[in-house]
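Morning, everyone. I have one structure to walk you through today. Please take a look at it before I start.

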Amino acid sequence: HRAVKDDIVEDRALGSLAKKSGLNICIAQAPDSVSAEWAPGFRSNLKAMQRVIAPSINRRVGLGSAFSFALTALFFIPLLLITLSLSGLTQTLTPINTIGAFLGVSSLVLVAALSVRSAQRIGSNPLYSLLFILPEAVFSYALWSSIHKVLRGKPIVWRNRAYVYTRRAN
């Protein structure tokens, strides 16, 4: 692990090093045999997400920002549509308000159904998945705070190590 200790995404760097050294790499699924805790607690999870997101931005902070904006919009447009449409519906019933409310509610129902289905597939309690808006907000925050740290050259501290992401020129 010493050879990759300074890489932000150590797993990937270790895999690349092993592959270059001629070792065979495979992925195995052993849910009853192996377990690991990625990041215990909320704050640690947030820092872990930032640590993974920052190198993904790499040389293209503008593209990372555009992706973050699009994803944040996709997360919250249904709620915005419902809010605006319902406030309009209380005043006057117009086709635009009705369509907006329908699209907002339909989007939320679809996301909720997919979240419940995903929870069932991984053996999680489906009721937890109905709170999908909370992780969406946390993930949006992790995206934007990662971009901020990359632009400012601020370290991401995770597991008592400071990962400093430096922007490279195109």
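Where is the place of Arg-2? Arg-2 sits in the segment before H1. Helices here are DSSP runs of H or I with at least four residues, strands are runs of E with at least two, and both are numbered from the N terminus.

Some ground rules. This is a predicted model, where local features need pLDDT of at least 70, side-chain atom pairs count only at pLDDT 80 or more, and totals for chains, interfaces and linings use all residues. Residues are numbered from 1 along each chain as its sequence is written, and side-chain values use heavy atoms, with hydrogens and water left out.

Back to Arg-2. Buried or exposed? Arg-2 counts as exposed, because its relative accessibility is 76%. The cut-offs: buried is under 20% relative accessible area, exposed is over 50%, and partly exposed is in between, with a 1.4 Å probe and protein chains only. Leu-14 is twelve residues along the chain from Arg-2, and their C-alpha atoms are separated by 9.6 Å.

Now the whole chain. It has six helices and two strands. From the N terminus on, the order is α-α-α-α-α-α-β-β. The chain has 170 residues, and 28% of them count as buried.

Next, contacts, meaning heavy atoms within 4.5 Å. Take those with a separation of 6 or more: 62% of them join residues 24 or more positions apart.

On to a loop. Ile-25 lies between helix H1 (10-20) and helix H2 (42-57). Which residues does Ile-25 touch, not counting those up to four places away in sequence? Gly-15, Ala-18 and Lys-19. Gly-15 is ten residues from Ile-25 in sequence, and 7.4 Å away, C-alpha to C-alpha.

Rings next. Phe, Tyr and Trp rings (for Trp, the six-membered one) pair if their centres lie within 6.5 Å; planes under 30 degrees apart are stacked, over 60 edge-to-face, and the rest tilted. How many aromatic pairs does that rule give? The count is one. Phe-75 and Phe-76 form it, edge-to-face, at 6.3 Å centre to centre with 90° between the planes. Phe-75 is buried, at 18% relative accessible area. Phe-76 is partly exposed, at 27%.

There is also a charge over a ring: NZ of Lys or CZ of Arg within 6 Å of the ring centre and within 35 degrees of the ring normal. Arg-51 lies over the face of Tyr-163, 5.1 Å from the ring centre.

Now helix H4, residues 95-122, which holds Leu-103. Leu-103 is partly exposed, because its relative accessibility is 42%. With Ile-99 and Phe-102, Leu-103 forms a nonpolar surface patch of about 320 Å² accessible area together.

Last stop, helix H5, residues 126-129, where Tyr-128 lies. Tyr-128 counts as exposed, because its relative accessibility is 60%. Ser-115 is 13 residues from Tyr-128 along the chain, and their C-alpha atoms are separated by 9.1 Å.

Note on methods. Patches are made of residues with over 30% relative accessible area and no salt bridge: like charges are joined within 9 Å, nonpolar side chains (Val, Leu, Ile, Met, Phe, Trp, Tyr) within 5 Å. Accessible areas come from the Shrake-Rupley method with a 1.4 Å probe; for residues, only the protein chains shown count as cover. A salt bridge is a side-chain nitrogen of Lys or Arg within 4 Å of a carboxyl oxygen of Asp or Glu.
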